[in-house]
Amino acid sequence: MSIPTLNVGIAGLGRLGKRHAEQLARHTPGACLVAACSPVTAELDWARSELGVGRCHGTLDALLADPDVDAVVLVTPTTLHADQTIACLRAGKHVFVEKPLSLDVATCEAVEAVAKEHPNLVAMVGFVRRFDPSYAEAKAAIDSGDLGKPFLVRSQTCDQNDESGFFVRFAGSSGGIFMDCSVHDIDLARWMLGNPKATRAFASGTIALHPALAEHGDVDNGMGIVEFEGGQRAVFYASRTMPHGHETTTEVIGTTGTLQVGMGAHLSRVQYRDACGVGHRALPDFFARFGDAFRLEMEAFVAACRGERPSPLTLNDATEATRIGQALTQSLRSGMPVAL
Ligand code: NAI
């Protein structure tokens, strides 16, 4: 018996929401993008004209009242994620929510509790890097014992400097550099190390180019160390000011081997040689780096909703990433180590 197509509604059609909407409308097997919601009329017009989305709503409540919507993809501002996830679950819809679930651990736990009341609904958080083929290969190698016992993850998210200061405008609601950028590295570290319990976090940071961040207690370059039970450690670096491009890299060090993912920010395999030396073009941004991963992530969500495979991520992964990200943020602001 064939599994029916999953009817999906999307909430939020901004920078990332448009990408998810295009994936769902054009490239996700088993899914049909039937509805969209946004408070911005121009965004709904785009969904209608570019993607042929039939039902466009001004509010999430209106979208949730639509009985033909089976699942909702939330790509809304971070401050709305938790309440909207709860609303989707209570309306009987599967839900995919972009990271982070919330900036507050207790709120994440409250969402987890609601999800437990709806065990037949999928609730998945968007830690997209787990779907990147290179990270998946690294995880498989670790699980097969190729590195012995992994004890240290060094992971960084470094964005090219944006002189327009796009992220500065969102600094008041993004949760700061660790919650906005390092949350991905935190999730990767937990995943690669086998989900150990974090015990202590230390952080520091500096403002290299964007002084307006100081008003929000934020920095444009942040460094953090996290200790886990059993001796495993993680070291994080996040930057908004790279001159050359987007460079997300991760190194995992084990007792018998190490591996590195993403070193060099290569846009392609082409190498150039001239009077300045030897080089290659760099990735401009995270879309260029993680395009495939965004596609595979949406496929995994749809497959989980259709009962084809289990969801690879739980809401608890989101809670634990927030717990560590908030401890790093607190340590950055206080200058003191934070016990977890
Ligand atoms: P954005 O500001 O460009 O888009 C937000 C969208 O939400 C807009 O379309 C806005 O009209 C809509 N919106 C606002 N209030 C709404 C409401 N009440 N109901 C429905 N829609 C509403 O933001 P961006 O950059 O697209 O980020 C959205 C989320 O995605 C953030 O939480 C961010 O952390 C996350 N994100 C995740 C990334 C990843 O690597 N996984 C990368 C970029 C963003």
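Biologist: How many Å is an oxygen atom of the ligand from an N or O atom in the side chain of Ser38?

Modeller: Keep in mind that this is a predicted model. For Ser38, the separation between an N or O atom in the side chain and an oxygen atom of the ligand is 3.3 Å. His184 also has a side-chain N or O atom to look at, and that atom is 3.1 Å from an oxygen atom of the ligand. With Arg15, look at the backbone instead: one of the backbone N or O atoms there lies 2.9 Å from a ligand oxygen. On its own, the ligand would expose 860 Å², and the protein buries 83% of that.

The ligand takes up the space of the largest pocket. Two elements each give two or more residues to the shell around the ligand: α4, residues 81-90, and α10, residues 286-305. In total, 27 residues surround the ligand, and the closest are Leu13, Arg15, Glu43, Thr78 and His81.

Strands β11 and β12 form it, with three residues between them. They pair in the antiparallel sense over four bridges, with β11 covering residues 247-254.

Back on β11, you'll find Thr250. Thr250 counts as buried because its relative accessibility is 0%, and the cut-off for buried is under 20%. The side chain of Thr250 makes a polar contact with the side chain of Tyr135, at 2.6 Å.

Ala265 is not a glycine, yet its phi is positive, near 55°. Ala265 lies in the loop between β12 and β13, and it is buried, with a relative accessible area of 1%. Asn195 isn't a glycine either, and has a positive phi of about 55°. Asn195 sits in the loop between α9 and β8, and at 43% relative accessibility it counts as partly exposed. Last stop: a cis peptide bond joins Lys99 and Pro100, with omega about -15°. Look for Pro100 in the loop between β5 and α5.

Definitions and conventions. Residues numbered from 1 in each chain as written. Predicted model: local features only at pLDDT ≥ 70, side-chain atom pairs only at ≥ 80, totals over all residues. Heavy atoms only, no water. Pairing = 2+ DSSP bridges. Near = heavy atom within 4 Å. Polar contact = N/O pair within 3.5 Å; in protein donor to acceptor, adjacent residues only side chain to side chain. Areas by Shrake-Rupley, 256 points an atom, 1.4 Å probe, with all protein chains shown as cover. 1 Å grid on protein atoms, 1.4 Å probe; cavity = no way out; pocket = protein on both sides within 12 Å on 5 of 7 lines; lining within 4 Å. Sits in = over half its atoms within 2 Å of the grid points. Buried < 20%, exposed > 50% of the residue type's maximum accessible area, 1.4 Å probe, protein only.
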